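Hi everyone, thanks for coming. I'd like to walk you through one model today, so please have it open as I talk.

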Amino acid sequence: MDREQGVIVCRAARQVLGGGILTGKSSFAPNIAAWTPDAADELFRRFVENADESSDQFLVKLKRQISEAGDEAIVLAAELLYLNLLPLSPATIGADRKAVILRTVLSWASTEVTVPAELASATSPGYLKGGVAFLNYRWAQFAFLIRLVRLLTRSPAEERQTALKDPWRFRELAQSVLSDHDGNSRARAQFHVLLFLMFPDVFLPLSVEQNKLSIRDAFADRLAAKSDDVDRDLLAIRRRIEAETGDPFDFYDEPWRSRWDIPRVGNQKGWLVRGANVSGKNMIPVWLDQGFCSISFSEIATDVPPGATRQQIADIVAAAIPDARQRTKDLTTGQLHRFLTEFKPGDLVATLDGDKVYVGRITGDAYRDDAAGPDAARRRPVEWKPTSLSREKLPEEAKAKLKAVMTVTELTKVIAALATDAGLDEQVSDELLTEDETRDVIVPHIAQETADALLMPLDWLQETADLLAAKGQLILYGPPGTGKTYLATKLGEALAGPDRTRLVQFHPSYGYEDFIEGFRPRLENGVLAFDLVPGPLKQAAKLAGEEPDRPLVLIIDEINRANLAKVFGELYYLLEYRGHSITLQYSPDDPFDLPKNVFVIGTMNTVDRSVALVDAAMRRRFAFRALAPNKPPIAGLLDRWLKGNGLPPLAARLLDEINRRLNDPDRAIGPSYLMRKEVGTGHGLRLIWASEILPLLEDQLYGDVDDVEADYGLEVLLAALGETLP
């Protein structure tokens, strides 16, 4: 750790926490008494006692819980999140994203509050690569900080002063609120980090408890005897080494690190291997006792060599079960290939035995051992953690991944969290820690400039963005000309940027193979072959997964023109259960999930099909936002546009009159038809009316009105309004 960075971070932490505890005042806004028992109690009631168990992102849930709290509680929440974010290095979370999180929380206050420049700049360097604990368990860390502040603010002044001077008393108080609460193991990283932030001369800058134990054990020769207090032992070791060398040092620097740190594997993956019911037998006790995992597929009697290619395995499977369906052959091939070839020494593995989840590390190559019979002959050596986790108490995303029914399933996206809970932090590679997809998606606030450019109210746009963030998918619906596609595109660009806003248009012949994935023919050396090609949805999911904290917006124009049940297929499930995995029909051995940062905006013309006719499954999964010419935000849009462009208001009056006569919100004419400079001249208005508006009405009113021009012609409307063309 860079000592200068550590000084900056620790000074800022002591200013916020120490200053707040001693004075009761906010460091962000000194006129607000944020560090009080009342503010801490309100946060406790709203966040800890009113726990939000949904799968939404942390900030989405936090807004539901505390956005209506008093300013004191909101500012206190922001300062506690500041303490949580402060030590994290740019490798875990950048300074810009830290600023967005804090601004978002402070925006819920009724008065404007900003992070002072000096404190804001202190968030830039960081020193800690936070890993899973700080990516997945911010809720537990935040709850721990609330409990601690609640305890400290209720303490007598003398006790608070003692706690801020005496590191061991501070640790004792922090430990007391960490113990005996759900999620305390997931807040332990914050506990250890806070000790260092407040007392850097006493505690080490470590967040992983196992690392403290490893360092203590590696340097136990510097101790007269190990005690039950690892922190006191580490302090004694550090002082002994500093006395020997004459200089400050860091256990993460050489030659010290190599004595205690186990090298972590690059490109590490995680796997689920089922063994609780193998031909009616529970193999897991044997696995745990003898240190291996295994797969059966006893119908494949031929020996399959470890490390075999997929094609070699496919040939063996085809010869062994020639009468099986091709899908069965493909699944068997995929499962054997994963276990025998894709598994690598150093990968992490989990298995299930009822509610118990066991986690371990693969320590070697595949081998064959027939001692326990053919059902356990194909093996991988595993170093299992003997203690189990409760499946029911795992995060929702991990529980969802563990529902996979195949014998072998990839768990890379959640295995780091399982390993952390199991106490295998030291076995998780740095790459795996930073590739977690459960980081909060930061959905920016809509800027006033965007609202001004769209000529729409900022509060309506922000509410729409909030609906999209909360639900994940939203449909803008209304009659033609209400600017649905344009608005969807601009909204997507405001939230995700032009480079992460994609548009696809549905039509009656559009299908599953076009949208998700399908086979495409190609000619190779005169032979017709087929490739499995990802569609817009899979492409968007892949791109979103590369930067899981940035939104990606997929716009589906005219979503109701296709057969939605046919196009979406299995995706219906993922729209409602983000983070869960499903098996796609053309990729049976490659589970697919829809990242939380993929947001879908659909547009729907009500003239084509009423929203009521969209099937119930789709309506339940999407939020709906109406765009009607006679209601905000579209009402008055044309008039605002005309004024902004210095054009006469006649076109707006004509639009209002024609929609008044139609008296049908699904058939109303939207303002977009007239948002063109040509409406400033009589010739331009005549052309638009004759070539666009009347043909549209003739199509919509076919069979209902005999002479459309007699009722809706330009001259008829002008006469009714007492107007003449310019």
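Let me start with a term: a residue is buried under 20% relative accessible area, exposed over 50%, and partly exposed in between, using a 1.4 Å probe and protein chains only. By that scale, Glu-692 is partly exposed, with a relative accessible area of 24%.

Some housekeeping before going on. This is a predicted model, where local features need pLDDT of at least 70, side-chain atom pairs count only at pLDDT 80 or more, and totals for chains, interfaces and linings use all residues. Residues are numbered from 1 along each chain as its sequence is written, and side-chain values use heavy atoms, with hydrogens and water left out.

Now, salt bridges. Side chains of opposite charge can pair when their charged atoms come close. Here the term means a side-chain nitrogen of Lys or Arg within 4 Å of a carboxyl oxygen of Asp or Glu. How many salt bridges does a search of the whole structure find? The count is 44.

Back to Glu-692, then. Its salt-bridge partner is Arg-676, with the closest N and O atoms 2.6 Å apart. Glu-692 sits in helix α31 (residues 682-700) and Arg-676 in the loop between α30 (650-662) and α31, so the pair ties together parts that are 16 residues apart in sequence. Those element names come from DSSP runs, numbered from the N terminus: helices are H or I with at least four residues, and strands are E with at least two. Arg-676 is partly exposed, at 27% relative accessible area.

Next, please find Asp-231 and Arg-171. Their side chains meet in a salt bridge, at 3.1 Å from N to O. This pair links distant parts of the chain, with Asp-231 in helix α13 (residues 230-245) and Arg-171 in helix α10 (residues 167-178), 60 residues apart. Are these two side chains' residues buried or exposed? Asp-231 counts as buried because its relative accessibility is 7%, and Arg-171 is buried too, at 16%. Both belong to a network of salt bridges that also links Lys-212, Asp-229 and Arg-232.

Another pair is Asp-221 with Arg-259, whose side chains meet in a salt bridge at 3.8 Å, N to O. Asp-221 lies in the loop between α12 (209-218) and α13, while Arg-259 is in helix α14 (residues 257-260), 38 residues away. Asp-221 is exposed, at 52% relative accessible area, and Arg-259 is partly exposed, at 41%.

Let's move to helix α5. The buried residues of α5 include Ile-101, Leu-102, Val-105 and Leu-106, and the buried residues of this helix pack against α3 (58-66) and α4 (71-85). Contact, by the way, means heavy atoms within 4.5 Å.

With that cut-off, have a look at Pro-125, in the loop between α6 (117-122) and α7 (131-136). Leaving aside neighbours within four places in sequence, Pro-125 is in contact with Gln-5, Val-9, Ser-89 and Pro-90. The C-alpha atoms of Pro-125 and Leu-86 are separated by 8.8 Å, and these residues are 39 apart along the chain.

My last stop is strand β12. Leu-532 has its place there, and at 33% relative accessibility this leucine counts as partly exposed.

That's my tour, so over to you for questions.
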